[in-house]
Amino acid sequence: QVQLVESGGGLVQAGGSLTLSCVVSGSISSINAVGWSRQAPGKQRELVAHITSGGSTNYADSVKGRFTISRNNAKNTVYLQMDSLKPEDTAVYYCNADTLPPAWGQGTQVTVSS
């Protein structure tokens, strides 16, 4: 079973930046896709971004142009660079791997103050 550990969350002012990291146990090069999702209080979890083993990326419309997902296969780590943060980006951010069964991390809190 793949295990995922997120880090990098915190409190930041609107307009600021944060970089989240997701360390994956095992080789991420063998995983079809790894993504970041988020869940705000009272809302459903939504996919924010994902990256395939081939390096293709996809983003939610709400974060396009502000967030960048990347991966370092040598470090088995996936990153989410978040710029121009807005209060509506406040949520718990989860890393997930497209495995059978799907694997999820424990989440990291991101809070953006206005």
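This is a predicted model: local features need pLDDT of at least 70, side-chain atom pairs count only at pLDDT 80 or more; totals for chains, interfaces and linings use all residues.
How many helices and how many strands are there in the chain? The chain has zero helices and 11 strands.

**The whole chain**

Begin with the entire chain selected and coloured by secondary structure. Followed along the sequence, the elements give the pattern β-β-β-β-β-β-β-β-β-β-β. The radius of gyration is 13 Å, close to the 13 Å given by the globule rule for 114 residues, so the chain is as compact as a globular protein of that length. Switch to the C-alpha trace, which spans about 40 × 25 × 20 Å along its principal axes.

Next, display the surface. The accessible surface of the chain comes to about 5800 Å², and 49% of it belongs to carbon and sulfur atoms. Of the 114 residues in the chain, 42% are buried. Among contacts with a separation of 6 or more, 54% are between residues 24 or more positions apart.

**An open sheet of four strands**

Return to the cartoon view and select β1, β3, β8 and β7. These four strands form an open sheet in the order β1-β3-β8-β7, and their pairing is antiparallel. The edge strands are β1, residues 4–7, and β7, residues 67–72; each of them pairs on one side only. From one strand to the next, the twist averages 15°.

Strand β8 covers residues 77–82, runs antiparallel to β7 and is joined to it by six bridges. For a point of reference within this pair, select Thr68, which stands opposite Gln81 in β8.

Between the two strands, stop at Asn76, which is found in the loop between β7 and β8. Its phi is near 50°, a positive value in a residue other than glycine.

Show side chains for the next stage. The count of salt bridges comes to four. Arg38 belongs to strand β4 (residues 33–39) and Asp89 to the loop between β8 and β9 (91–97), so the pair ties together parts that are 51 residues apart in sequence.

Are these two residues buried or exposed? Arg38 has a relative accessibility of 6% and counts as buried, because buried means under 20% relative accessible area. Asp89 has a relative accessible area of 0% and is likewise buried.

The side chains of Asp89 and Arg66 meet in a salt bridge of 2.8 Å, N to O. This pair links distant parts of the chain, 23 residues apart: Asp89 is in the loop between β8 and β9, and Arg66 is in the loop between β6 (57–59) and β7. Both residues are buried.

Select Lys64 and Asp61. They form a salt bridge whose closest N and O atoms are 3.2 Å apart. Lys64 is partly exposed, with a relative accessible area of 48%, whereas Asp61 counts as exposed at 66% relative accessibility.

Move to Ala14, in the loop between β2 (10–13) and β3 (18–24). Ala14 counts as partly exposed, at 40% relative accessibility. Which residues is Ala14 in contact with, leaving aside its neighbours within four places in sequence? The contacts are Leu85, Pro87, Val112, Ser113 and Ser114. Thr108, by comparison, is 94 residues away from Ala14 in sequence and lies 18 Å away in space, C-alpha to C-alpha.

Then select Ser84, in the loop between β8 and β9. Phi of Ser84 is near 50°, a positive value in a residue other than glycine. Ser84 is partly exposed, with a relative accessible area of 41%.

The tour ends at Pro101, which is found in the loop between β9 and β10 (103–104). Show the backbone atoms here: the peptide bond from Leu100 to Pro101 is cis, with omega near -5°.

Note on methods:
Residues are numbered from 1 along each chain as its sequence is written. Side-chain values use heavy atoms; hydrogens and water are left out. Two strands pair if DSSP finds at least two bridges between them. Axes are lines fitted to C-alpha atoms, for helices over the stretch in contact, and angles run from 0 to 180 degrees between N-to-C directions. Buried means under 20% relative accessible area, exposed over 50%, partly exposed in between (1.4 Å probe, protein chains only). The radius of gyration is taken over C-alpha atoms; the globule rule is 2.2 Å times the number of residues to the power 0.38. Contact means heavy atoms within 4.5 Å. Accessible areas come from the Shrake-Rupley method with a 1.4 Å probe; for residues, only the protein chains shown count as cover.
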